[in-house]
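The following paragraphs lead through one structure, from its overall form to individual residues. Please keep the sequence and the coordinates at hand while reading.

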Amino acid sequence: MAYAQGSTGQEIVGRGAELQEVSTCLQEACAGTAVTLVVSGDPGVGKTSLIKQSCASAAPGVWVLTGACLPLSSVTVPFLPLRSAIRTAAPLDGIAHPDFDSPVAAPHEVLVAVDDWLTKCSRVQPVVLVVEDLHWADQGTLDLLMYLIAGPSDRRLSIIATLRNGEVVEGHPLDRWLADVRRMPHISWMNLGPLDYQSSGLQVAQVLGAPAHQSLLREVYSLAHGNPYLIRLLVGGLHPESRHLPPQLPTDLRSAVLRSWHRLSAQGRELTELMAVGGHPITARDLDDLASHGGSQLEAEVVLREAASAGIVESDPEGTMWWFHHPLIAEVLEQGMGGPKRRRWHEVFADHAEARMSGGNGVSFEYMAALAHHYDAAGHLAEAYDWTMRAAAATDGAANAGEAAELLQRALELHAILGRGALEREVLLDRLRTAALTAGSMEVELEAVEALLSQIDAGARPLEVSQLMVRESQLRFSTGREFLSVTKMRVAVECARANEQSWQYALALAELANAELWQDEPEGESHASAALEIARHAGNPQALSYAFTACAMAAINSGHLAKARRLAGMGIKAATRARDFWSLFAAIVWQANATESSASQAYAELMRSGQGTMASAGAPHVYIAVIVGYEAGAWMGVGQWEECAKALRIALGSDPGVMADTGVRLTAARLAIWQGRQGEADAHLARAEELAAQTSEYITFEFDAVRAEFHLAAGNPDSAYAVALGDGDPEHMRHIMGEWRLPLAARALADRIQRASDEGRPTADLLPLADDMEARFPVVLHNNFAAELYARQIEAFNLLYRAELGRARATADNGQQWVLAADACRDATLRWEETYSCWRTAEALLLRSHAQRKLATAMLVRGLDLARELRARPLHEALCELAARARIPTDLPITGDPASQFYDVPGLTPKEREILPYVVAGQTYGDIARILVISEKTVSSHISNMLRKTGTATRLDLSRLATRARDDHHH
C-alpha cells in the first residue's frame with residue numbers, strides 16, 4: 001500500500017541511533033543516490049515500527065510504497081509485495097502503473113517495466129519501496145528486487161526490506177540471494193536487537209501510561225528480554241500501579257510465543273517441555289539421559305535440530321549446549337504444563353543431578369541451586385531446604401550475592417513451613433542481610449534487618465541492636481520511606497551507651513550527628529567530633545568512615561572547605577577499607593560538596609571520578625547509580641544536556657534502587673521541562689513522587705524546585721508560586737536547589753500578574769505580594785559556601801530574582817535588569833537561565849521601548865543560539881515568536897548568503913570551511929544537511945572536528961571565534 005508522510009501513532013522508544021541510520025538512507029535517496037537497506041531482527045523486535053516512523057518523519061514529498069510477503073503454501077502469487085504496494089497507489093503525474101498480469105509479457109519484461117516505472121516516478125519525487133518479511137518472498141519478487149538494486153545508482157529511490165532472524169537457514173531460497181546482494185554497492189545492513197533495560201522501561205511506561213514500578217520492570221525485562229512486542233503483550237491491560245505481573249501469562253502472549261512450537265512433532269514438543277522444566281542450557285547427551293530416566297526415547301540430537309529449524313531452540317557456538325531462542329518460550333511451556341507432569345519431570349531432573357554428583361562430578365553452586373529448585377517444584381520440601389542452604393553457602397561473595405539472597409528468602413519460607421527453630425531463623429536472617437547488603441538489594445536487606453530487630457533482645461545485646469538501628473535508618477532513607485530521623489538515632493546512641501568506648505557507639509553517634517546536621521540542630525558538630533575521637537580509639541574503619549564524613553559536613557557548615565575536603569578524603573579511605581558502600585558514597589559526595597557548586601562541570605567530573613572509586617571497591621549498581629545521578633544533575637545545571645542524558649542512561653541502565661531512581665527522575669524531569677517534553681516530565685515527576693513516601697520533607701531531593709519549574713512550563717503560575725515558596729521556612733527551603741526557589745517564585749508571581757493584565761483583571765491584590773516577598777527574602781537562599789563559581793551563581797540568582805520582581809512591577813529599567821541577569825548567568829555557567837534571561841531582555845526592550853532595538857536584537861539572537869544548542873524548544877519558540885512580532889530576522893549573525901561568507905580559521909578542511917558559515921548563521925544540523933545535501937551525521941562529525949581543532953566547547957563559542965577571525969582578517 002502507499003502512504004504519505006504523517007503520524008504513526010505512538011513513537012517507538014530506544015531506537016535513536018537506528019532511526020538516524022534509516023533517516024540517513026532516506027536522505028541519500030532524496031539527494032539522488034539509490035540505496036538499499038536490509039533490516040533483520042527477531043519477530044516482534046520492532047522492524048516494521050522502525051521503518052514506519054522513519055518514513056513518516058522523512059522530508060515532505062517522499063512517496064512511500066509498502067508491500068508485504070506472505071507465508072503462502074498452496075499457491076504462489078508472483079511479485080506479491082510489489083503488486084500490493086503499487087495497487088493502491090494513485091498514478092503519479094499520469095505515469096501508468098506497470099502491468100503484472102499481461103498474458104503476453106514474459107517475466108523479464110515485468111522486471112524491466114517495474115524498473116522503468118520506478119525510474120519515472122523517482123524523477124517526479126523521491127520514492128521509498130518497503131518490502132516486509134523478505135523470508136517469505138517468492139522467487140519472482142527476489143529477482144525483481146535484485147534487478148532494482150542493480151539498477152541506476154543516480155535515481156531518488158530507496159529500497160528497504162525486512163527479514164526475520166532464524167528463518168533463513170542453509171538451503172533456503174533467500175540464502176543465496178542474500179549472499180549475492182551483499183556484494184553489490186549501496187547496500188546497508190541493520191540487525192535490530194532488543195531494547196536495553198532503560199528503553200524497556202520507557203516502553204512499559206508508554207503502554208501503562210505511567211512509569212512502571214521497578215519490581216514490575218524487572219519481571220518484564222527478565223521475561224521479554226527487550227522484545228517490544230512481547231513487552232506490550234506482557235503489560236497490556238495492567239494497572240499503572242501494578243508492582244508484579246499476574247501469576248498466569250496472558251493468553252495472547254502464550255499464543256504468540258508458541259505459534260511455531262505447535263508445529264513441532266510430538267517428540268519435539270515433549271523434548272522442549274523437558275528442557276523448559278530444566279531451566280538452563282543443556283547438552284543433547286544429558287537430554288537423552290533425562291528422557292530415558294523418565295521413560296522416553298527421544299533421540300535428542302535429531303529432535304533438537306528440528307526445533308532449531310523452527311526457531312524454537314539454538315545451540316552455543318560450539319554446538320554443544322542447547323537452549324531456547326527466547327527464554328520466554330521456556331516460561332510459557334512450563335507454565336502450561338499440567339501439575340503432575342511438571343512435578344514428574346522435576347523429580348527426573350533432581351534424580352539425574354543427584355546421580356551425577358554421586359558419580360564423582362564436581363558439585364557447583366549452579367548444580368546445588370538447580371537441585372534445590374527441582375526438589376522444591378517436585379514437592380520434596382525437606383530436601384529442597386537442605387539443598388537451598390547448601391547452595392546459599394556455596395555462593396562466591398559478590399558474584400552470586402543476588403542468587404544467595406533469593407535462595408535464603410526461599411529458605412526462610414521453607415523454614416517456616418517445616419517448623420524449624422528460632423535460633424536457626426536468626427542465623428538465616430543474618431545470612432540474608434549480609435547477602436542482600438553485598439548484592440545491593442536494599443528492600444530485601446531492610447526486611448531482614450527489621451526481622452532481626454524484632455527478634456533480638458536489646459537488653460541482652462544492645463550494641464548489636466544499635467548497629468542494626470543505624471542500618472535500618474539508612475535503608476529506610478534509601479528506599480524512600482523516611483528521611484534520617486534524629487529521634488531514632490538518639491535511641492540507637494542510648495542502646496550503644498552500654499559501652500561508650502565501642503565502635504558501635506561511635507557509629508551511632510556519627511549517624512546522629514549526620515541527621516542533626518541535616519536538620520540544622522546545634523549539637524551536630526559536637527557529636528561528630530566526639531564520634532571521631534571514639535572511632536579513632538576503637539580503630540574500626542567502618543565507624544571511622546562515618547565519623548570522618550560527619551565531621552566533613554560540620555566543616556562545610558562552618559565554611560572550612562579545605563578541612564572538609566581532607567576529612568571526606570579520609571572518610572573515603574576508611575570506607576574503602578571497611579567495604580561500607582553507604583559510607584563510601586556519602587564521603588565521595590561530601591568531598592565534592594566541599595569543592596564546588598553542585599551545578600558545575602568540576603562537580604560532575606568529581607562524581608565521574610567517584611564512580612570509578614565505587615566500581616573499584618566492588619560497589620553494587622544501586623550505589624554507583626546514586627553517584628551517576630549526582631553527575632547527571634551537575635551536567636544539567638550547567639546546560640551540558642548531552643552529558644546529562646548519557647549519565648541518566650547509565651543510572652537507569654539497570655535497577656538503580658529507590659534513592660538513585662528518585663534523584664535521577666527529578667533530573668530527567670528538569671531536562672524534559674526545559675526541552676519542551678512536558679508529558680515526559682510529568683511522568684518522571686510522578687514516578688519520583690511515587691518512589692518517595694515523603695517529598696518536600698525529603699530535603700536531599702529537589703522536589704519543590706522541580707515541581708515549580710514544571711508548573712511554570714505548564715502555564716500554571718499559581719501552583720508554581722505556592723510550591724516554590726512552600727512553607728516559607730528559609731532553613732527548610734535552602735537545602736536542595738534553594739538558590740532557584742525565590743527566582744522561580746518571583747517568576748511565577750510575574751506570570752500571574754501578566755496573565756491577569758492580559759485578561760483585563762485587576763492586579764492590585766497581586767502587586768503587594770512582590771513587596772512582601774522582597775521584605776521576607778531580600779536575597780536568594782544559599783548555603784555558607786565560599787567556592788568562586790558558587791559565589792557567581794548566587795550573584796546570578798540574585799539578579800534573576802530582582803529582574804523577575806522588576807517584571808512583576810513593570811519597572812522602567814527592567815530591560816537593563818535582565819541584561820545584567822543574562823550576563824551573570826553566562827559567567828556562572830547557568831546556561832538554561834541565561835537563555836531564559838535573553839528572552840526576557842529582548843521582550844522588555846522591544847515591547848516596552850524601541851529605543852534599544854540594537855541591544856534587544858543582539859540579546860534575541862544570543863538567546864536563539866543558546867536555545868538551539870540546548871534544544872530548549874519552548875524558549876526557541878518564544879524567541880522566534882518575539883522576533884516575528886518585532887519583525888527581526890532570526891539569521892542576523894551574518895548578512896547575505898551564508899555560503900558567500902569567508903572565515904579565516906586555520907586548520908579546517910575545505911568541507912569544514914563550507915559548513916562553518918552555516919554554523920555562524922545559526923542553522924541547525926538538519927538545515928545544513930539539506931542545504932549541502934549530506935547527512936546530519938556527517939554535519940555533526942564535521943562540527944565536532946571543528947570544535948576540537950579550535951579548542952571551543954560549543955557552537956556558540958565557535959561562531960564567536962569565527963566572527964572575530966573574519967573581522968581581524970578584514971581589518
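Is Phe483 buried or exposed? Phe483 counts as buried, at 6% relative accessibility, where buried stands for under 20% relative accessible area, exposed for over 50%, and partly exposed for what lies in between (1.4 Å probe, protein chains only).

The model is predicted, so local features need pLDDT of at least 70 and side-chain atom pairs count only at pLDDT 80 or more, while totals for chains, interfaces and linings use all residues. Residues are numbered from 1 along each chain as its sequence is written, and side-chain values use heavy atoms, with hydrogens and water left out.

The overall form comes next. The chain contains 46 helices and nine strands; these are DSSP runs, with helices (H or I) of at least four residues and strands (E) of at least two, numbered from the N terminus. For 971 residues, a compact globule would have a radius of gyration near 30 Å, and the 33 Å of the chain agrees with this. That radius is taken over C-alpha atoms, and the globule rule is 2.2 Å times the number of residues to the power 0.38. The C-alpha trace spans about 95 × 85 × 55 Å along its principal axes.

Of the 971 residues in the chain, 54% are buried. The accessible surface amounts to about 40,900 Å², and carbon and sulfur atoms hold 51% of this area; such areas come from the Shrake-Rupley method with a 1.4 Å probe, and for residues only the protein chains shown count as cover. Among contacts (heavy atoms within 4.5 Å) with a separation of 6 or more, 67% join residues 24 or more positions apart. The chain carries 88 positive and 119 negative side chains, and the centres of the two sets are 4 Å apart. Here Lys and Arg count as positive and Asp and Glu as negative, while His and the chain ends are not counted; the place of a charge is NZ of Lys, CZ of Arg, CG of Asp or CD of Glu.

The aromatic residues lead back to Phe483. The structure holds 13 aromatic pairs, a pair being two rings of Phe, Tyr or Trp (its six-membered ring) with centres within 6.5 Å; planes under 30 degrees apart count as stacked, over 60 as edge-to-face and the rest as tilted. Phe483 and Trp518 form an edge-to-face pair, with 6.0 Å from centre to centre and 90° between the planes. Because Phe483 lies in the loop between helix H21 (462-478) and helix H22 (486-496) and Trp518 lies in helix H23 (residues 503-518), the pair ties together parts that are 35 residues apart in sequence. Trp518 is also buried, with a relative accessible area of 14%. A further edge-to-face pair consists of Trp818 and Tyr836, at 5.7 Å centre to centre and 80° between the planes. This pair links helix H39 (residues 814-827), which holds Trp818, with helix H40 (residues 831-848), which holds Tyr836, across 18 residues. Both Trp818 and Tyr836 are buried. Phe483 and Trp518 also belong to one aromatic cluster together with Phe477, Trp582, Phe585 and Trp590.

Most residues other than glycine have a negative phi. His186, however, has a positive phi near 60°; His186 sits in the loop between helix H6 (173-182) and strand S6 (187-192) and is partly exposed, at a relative accessible area of 41%. Arg579 likewise has a positive phi, near 55°. The loop between helix H26 (561-578) and helix H27 (581-593) contains Arg579, which is partly exposed at 46% relative accessibility.

Three further buried positions complete the tour. Ala29, in helix H1 (residues 16-30), has a relative accessible area of 2% and is buried. Apart from neighbours within four places in sequence, Ala29 is in contact with Val35, Arg155, Arg156, Leu157 and Ser158. Ser153 is 124 residues from Ala29 in sequence, yet their C-alpha atoms are 9.5 Å apart. Asp751, in helix H36 (residues 738-758), is buried with a relative accessible area of 18%; beyond its neighbours within four places, Asp751 is in contact with Leu712, Pro717, Arg807 and Arg840. Val64 belongs to strand S3 (residues 63-68) and is buried at 1% relative accessibility. Val64 and Trp839 are 775 residues apart in sequence, and 41 Å separates their C-alpha atoms.
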